Amino acid sequence: GAVVSQHPSWVICKSGTSVKIECRSLDFQATTMFWYRQFPKQSLMLMATSNEGSKATYEQGVEKDKFLINHASLTLSTLTVTSAHPEDSSFYICSARVGPNTNTEAFFGQGTRLTVV
Amino acid sequence: AQKITQTQPGMFVQEKEAVTLDCTYDTSDQSYGLFWYKQPSSGEMIFLIYQGSYDEQNATEGRYSLNFQKARKSANLVISASQLGDSAMYFCAMREGRYSSASKIIFGSGTRLSIRP
């Protein structure tokens with residue numbers, strides 16, 4: 001199957017700093033990528049849909065100024081957690097599907113475990 | 001609004017036995033897709049099986065099969081001959097609306113499956 005690579009796999013940062021997470025589609029072009037957040041022992045909650053060359057679409061309740069998404073190319077989307085606080089500590093995971101019209105599964109990155117201290 | 005319900009937070013099964021993980025969904029769309037993903041403790045999301053709303057036959061992938069009952073809006077996952085490596089979190093998911101690479105996928109709350117030797 002298609003490969004989605006996410007980096008870093010884990011990061012610890014100080015409160016107030018910003019953290020950037022990268023999501024790359026290695027062997028296909030992804031016009032759309034999705035960012036999810038997962039708290040321990042909970043489900044994946046969709047945060048936003050990342051669209052190449054345009055603004056991301058955020059789900060209700062997600063602060064777009066807090067979670068900056070940039071999808072500058074067909075193979076790279078980034079999520080920046082700005083001015084991180086301990087409550088932002090979570091598991092963040094991206095996904096993409098091989099397009100343009102597909103009913104195939106979404107391929108996921110390995111996830112990034114963010115700890116804000 | 002679309003919704004996925006998994007009513008079994010946790011299950012214990014003896015090795016080599018078959019296990020059924022329940023999933024019900026709610027949608028007003030005629031066209032949709034249903035997925036099952038496995039998430040081991042490492043956090044990665046592993047695609048298991050897909051069922052389209054117009055597929056007449058139940059999907060099967062090796063030891064995995066999906067018991068799709070459209071009228072009841074259920075999409076249960078059946079794992080035959082369970083193995084110790086099957087111990088993980090299992091998520092039922094649904095793609096909203098007509099298929100495209102931009103269609104969002106929403107997840108149920110998950111079932112933690114533990115296989116006893």
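This is a predicted model: local features need pLDDT of at least 70, side-chain atom pairs count only at pLDDT 80 or more; totals for chains, interfaces and linings use all residues.
Now colour by burial: 50% of the 117 residues in chain A are buried.

Switch to cartoon. Chain A shows zero helices and eleven strands.

Next, show the charged side chains of chain A. There are 10 positive and 9 negative ones, and the centres of the two sets lie 5 Å apart.

Now select the cysteines. Over all chains there are two disulfides.

Zoom in on A:Cys23 and A:Cys94. Their disulfide has an S to S distance of 2.0 Å. The link is right-handed, with 85 degrees about the S-S bond. A:Cys23 sits in strand β3 and A:Cys94 in strand β9, so the bond ties together parts 71 residues apart in sequence. Both cysteines, A:Cys23 and A:Cys94, are buried.

Move to chain B and pick B:Cys23 and B:Cys92. Their sulfur atoms are 2.0 Å apart, in a disulfide. This link between B:Cys23 and B:Cys92 is left-handed, at -65 degrees about the S-S bond. B:Cys23 lies in the loop between β3 and β4 of chain B, and B:Cys92 in strand β10, so the pair connects parts 69 residues apart in sequence. Both B:Cys23 and B:Cys92 are buried.

Last stop: A:Cys13. A:Cys13 is in no disulfide; the nearest cysteine sulfur, that of A:Cys94, is 18 Å away. A:Cys13 counts as buried, at 8% relative accessibility.

Key: Residues are numbered from 1 along each chain as its sequence is written. Chains are lettered from A and ligands numbered from 1 in the order in which they are written. Side-chain values use heavy atoms; hydrogens and water are left out. Helices (H or I, at least four residues) and strands (E, at least two) are DSSP runs, numbered from the N terminus. Buried means under 20% relative accessible area, exposed over 50%, partly exposed in between (1.4 Å probe, protein chains only). Lys and Arg count as positive and Asp and Glu as negative; His and the chain ends are not counted. The place of a charge is taken as NZ of Lys, CZ of Arg, CG of Asp or CD of Glu. A disulfide is a pair of cysteine sulfur atoms within 2.5 Å.
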